[in-house]
Amino acid sequence: MCHFTQRSSSLSFPKICNIFWRFQHTSTSHLCSCSKTVSDEKYQDPFQLGRKDLKNLYEDIKKELLVSTAELKEMCDYYFDGKGKAFRPMIVVLMARACNIHHNNSREVQASQRSVAIIAEMIHTASLVHDDVIDDANSRRGKMTVNQIWGERKAVLAGDFILSAASVALARIGNTTIISVLTQVIEDLVRGEFLQLGSKENENERFAHYLEKTFKKTASLIANSCKAVSILGCPDPKVHEIAYQYGKNVGIAFQLIDDVLDFTSCADHLGKPTAADLKLGLATGPVLFACRQFPEMNAMIMRRFSKPGDVERARKYVLQSDGVQQTTYLAQRYCHEATREISKLRPSPEREALIQLTEMVLMRDK
């Protein structure tokens with residue numbers, strides 16, 4: 001098995017399970033390779049295609065973070081070390097090119113579109129700094145977190161500063177529509193964090209709550225960044241919706257696979273502790289699906305795995321159930337929808353790379 005709006009959030013849990021029963025009995029290999037026909041003939045490596053536009057990305061981010069305080073600068077630069085894959089900026093520049101080509105066959109990324117890619121990475125990193133404080137995390141990307149090195153108070157301020165610098169860069173674009181689209185991301189991040197702090201007793205509401213939280217905390221940034229570059233490159237509202245829907249579906253799939261990896265990947269490989277969500281009291285997709293087979297997990301979910309032995313028992317139940325498999329099927333479904341949306345654009349190497357990206361999201365192991 002692969003290691004791996006709000007329209008979807010309104011699906012009830014029984015409906016979702018029924019969908020997956022049918023989905024599971026469809027050819028999985030067919031769905032896993034929904035773009036194989038295209039990809040085999042003209043495979044486009046997203047990271048190779050996006051490399052040109054992402055050159056000096058982290059150096060440009062550091063220019064946005066010019067500060068007089070040496071310690072604050074060191075903290076802000078800590079995650080911008082150039083060792084990440086720049087997944088979000090890469091999607092943004094590929095979407096920019098795909099939309100530009102669709103509109104007028106322009107193969108250049110506009111300066112304002114590249115700025116959106118930079119801003120997206122800054123917002124994402126600021127959210128990581130804040131998340132690590134909230135979760136009292138001690139490792140991220142294979143190294144100690146900012147809060148562990150400099151303390152929680154300074155970490156919060158560093159996250160705030162990165163967000164403020166992103167806001168200045170956003171204002172510099174000078175387009176009120178783009179400002180509105182990207183500030184929605186910051187609102188969604190906060191609302192998503194509040195959703196994560198809460199829980200639902202009702203089984204159906206619980207899954208909808210989980211999907212809404214997943215959209216707000218992870219997918220909104222990708223969806224709205226894709227929408228922003230499409231607005232800058234093409235006047236057609238239909239294209240804006242295609243870009244948004246692609247980003248939304250890929251973003252949700254990305255997080256679903258992340259939730260799967262929390263149960264299937266080793267800590268060294270993942271770069272952060274496994275079963276981390278259970279330890280934080282969070283019931284993710286694999287847990288919610290496993291609960292259908294092991295109803296005794298309901299009590300553990302409601303007390304947020306707070307009793308001694310809850311985390312270990314819940315992890316055991318998940319691995320004994322089809323929770324990991326069902327969550328993977330759900331991710332496949334979202335990727336299939338992302339492919340369907342982006343395929344509406346005019347053919348281009350960038351469009352094919354975005355299709356290829358959906359497969360890479362499903363197949364990633366960290």
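E350 is located in helix 20 (residues 349-363), helices being DSSP runs of H or I with at least four residues, numbered from the N terminus. The model is predicted, so that local features need pLDDT of at least 70 and side-chain atom pairs count only at pLDDT 80 or more, while totals for chains, interfaces and linings use all residues. Residues are numbered from 1 along each chain as its sequence is written, and side-chain values use heavy atoms, with hydrogens and water left out.

Contacts of E350 (heavy atoms within 4.5 Å) include L49, L94 and R107.

Aromatic rings of Phe, Tyr and Trp (its six-membered ring) pair if their centres lie within 6.5 Å; planes under 30 degrees apart count as stacked, over 60 as edge-to-face and the rest as tilted. By this rule there are seven aromatic pairs. Y78 and Y79 form a tilted pair, 5.4 Å centre to centre with 45 degrees between the planes. The ring centres of Y78 and W150 are 5.5 Å apart and the planes lie at 85 degrees, so this pair is edge-to-face. Y78 lies in the loop between helix 6 (70-77) and helix 7, and W150 in helix 9 (residues 146-150), 72 residues apart. Both Y78 and W150 are buried. Y78, Y79 and W150 form one aromatic cluster.

Key. Helices (H or I, at least four residues) and strands (E, at least two) are DSSP runs, numbered from the N terminus. Buried means under 20% relative accessible area, exposed over 50%, partly exposed in between (1.4 Å probe, protein chains only). Lists of a residue's contacts leave out its neighbours within four places in sequence.
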